[in-house]
Amino acid sequence: MALRRQKMIGIGLMLFVLWNVAAYLLFARQADQGTKPSPTAAPTAMSALNRPSDQGELGGQVDKTSAPVDASQSLNERLQRLQEQMKDQMQINEQLLQDIMQQKEAIIKSRNLSPNQPDVAKVDMVVHQQEPQPPQTNPFQLPLAKQVKYPYSSYTIPVLMIACNRPEAIRRSLTNLLQIRPSSSQFPVIVSQDCGHQATAEEIQKFGSKVTHIKQPDLSSISLPAQQKKFEGYYKIARHYKWALNKVFHEFNYDAVIIVEDDLDVSIDFFEYFLATYPLLQEDPTLWCVSAWNDNGKDSRISDDAELLYRSDFFPGLGWMMRKEIWLELESKWPQGFWDDWMRDPAQRKDRACIRPEISRTDTFGKVGVSRGQFFEQHLKYIKLNKKSVAFTKLDLSLLKKENFDPMFKKAVYGAPEVTMEQLKQNTIGQKAVRVTYTNKNSFKLLTKQLGIMQDLKSGVPRAGYMGVVSFMFNGHRVYLAPTEDWKGYDHTWS
């Protein structure tokens, strides 16, 4: 149907041009005949208007004895008729042009309603292409590994659970974690308890030999200025983390650790995910963690592709893995408080990235805690937990190495058509992947609010962002909220 309409438009345009050319030649010829100069007359406009014509309108002889006034009257009549004909022709042309525009608008409308409709400008090319195009593939789809490259069964990665004074929470978290754990020897669980809360200690002890229970010995208060006293809990957590990580790496002598807190549920493929990504931490020095969390992981902002993984410049936390080498680097300068924001500082990150999933492998139910439920009701409780088991150890994850991922990521982002916020909201675009551009901090904040994703920045880095780009789903489209292509790096003053 679109092809037939395109042909009609082409024919209409051709007729329109030919009609105007013919009309112009006819009118010019008639006007020229009505003002044909005498061989002896001077070539002036006034002489042409006052000179009698040799022929009448229908080619008959003109009475040469008639006065010059008759010739002038005849010429005026011709010009008047030509003027009327031109008016009629202009009306016809206007109607023809309106018809053509209506046909064009109909085609554009039908193409917008049908995303797979070929572009009008490419109809001729499509006509000669008989075979259907294959469906567009996701460039981030991980291929199957040609062979098992790594000795996954030989890895031992402990899980360190940070706990304090929530007995019901620790019971739920440990039960969930142990139910999906594939091997107690490969994934030993260490529960580190602060606060000295007896009811919580009793809940942990009910799991017996399935877990190792350690207790942070320093329960003293932390001396802080009066205006900072309300944040004492954050300082105690940082102290606890340092003590527990030192135990894991120095006393238990593990090479890596998965860190969770006592208010997290984990997905069915939680251990498979960390096991498969562990070699990436060993081989790629531009990575410093693997996280189970997607900050923009609401159901409406993610796809159903549970196997999709990405690099992120933002440290997500909420279920994450690091190697001993990173801890040895951080241990001596570990902060007294707010350790997670400290990890996001450029001095610690050093332009390194984390791996994060499309669909989160952890889910927090911790509305009650030190943060007093900050962001929980507005955001955290809507994060979707993955329900599909993905065999990550059978996939080729080398795609996530920086030298492979970066060129592909840039091509996907800046190869996607740029659209406006209005077009995206109205869903009048046919492309699966699109790009929305921000130019400064204010435009970033405004767009994130309109798009329903996390708005905050840490030292200029957006949550789940990579190379300044945040990837998510909106109205069925993969959207890249991106800076301009000449982006030079993060502005650390943005916050």
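## Cavities

The structure holds two cavities of 30 Å³ or more. A cavity is a set of points on a 1 Å grid over the protein atoms alone where a 1.4 Å probe fits but cannot get out. This is a predicted model, in which local features need pLDDT of at least 70, side-chain atom pairs count only at pLDDT 80 or more, and totals for chains, interfaces and linings use all residues. Residues are numbered from 1 along each chain as its sequence is written, and side-chain values use heavy atoms, with hydrogens and water left out.

## Salt bridges

There are 26 salt bridges in the structure, each defined as a side-chain nitrogen of Lys or Arg within 4 Å of a carboxyl oxygen of Asp or Glu. One of them joins the side chains of Asp262 and Arg166, at 2.5 Å from N to O. This pair links distant parts of the chain, 96 residues apart: Asp262 lies in the loop between strands S4 (256-261) and S5 (264-266), and Arg166 in the loop between strand S1 (159-163) and helix H5 (167-180). Helices (H or I, at least four residues) and strands (E, at least two) are DSSP runs, numbered from the N terminus. Arg166, Asp262 and Asp263 are linked in a network of salt bridges.

Asp262 counts as buried because its relative accessibility is 2%; buried means under 20% relative accessible area, exposed over 50%, and partly exposed in between (1.4 Å probe, protein chains only).

Another salt bridge connects the side chains of Glu307 and Lys388, at 3.8 Å from N to O. These residues are 81 apart in the chain. Glu307 is buried, at 13% relative accessible area, whereas Lys388 is partly exposed, at 45%.

## Helix H7

Helix H7 covers residues 232-251, 20 residues in total. At 1.5 Å a residue it should span 28 Å, and its end C-alpha atoms are 28 Å apart, so the two values agree. The expected span is 1.5 Å times one less than the number of residues.

Among the buried residues of H7 are Tyr235, Arg239, Tyr241, Leu245 and Phe249. Just after H7, Asn253 takes a positive phi of about 60°.

Conventions. On a 1 Å grid over the protein atoms alone, a cavity is a set of points where a 1.4 Å probe fits but cannot get out, and a pocket is an open set with protein on both sides within 12 Å along at least five of seven lines; lining residues have an atom within 4 Å of a point. Grid points are joined across faces, edges and corners, and a volume is the space filled by probe spheres set on the points.
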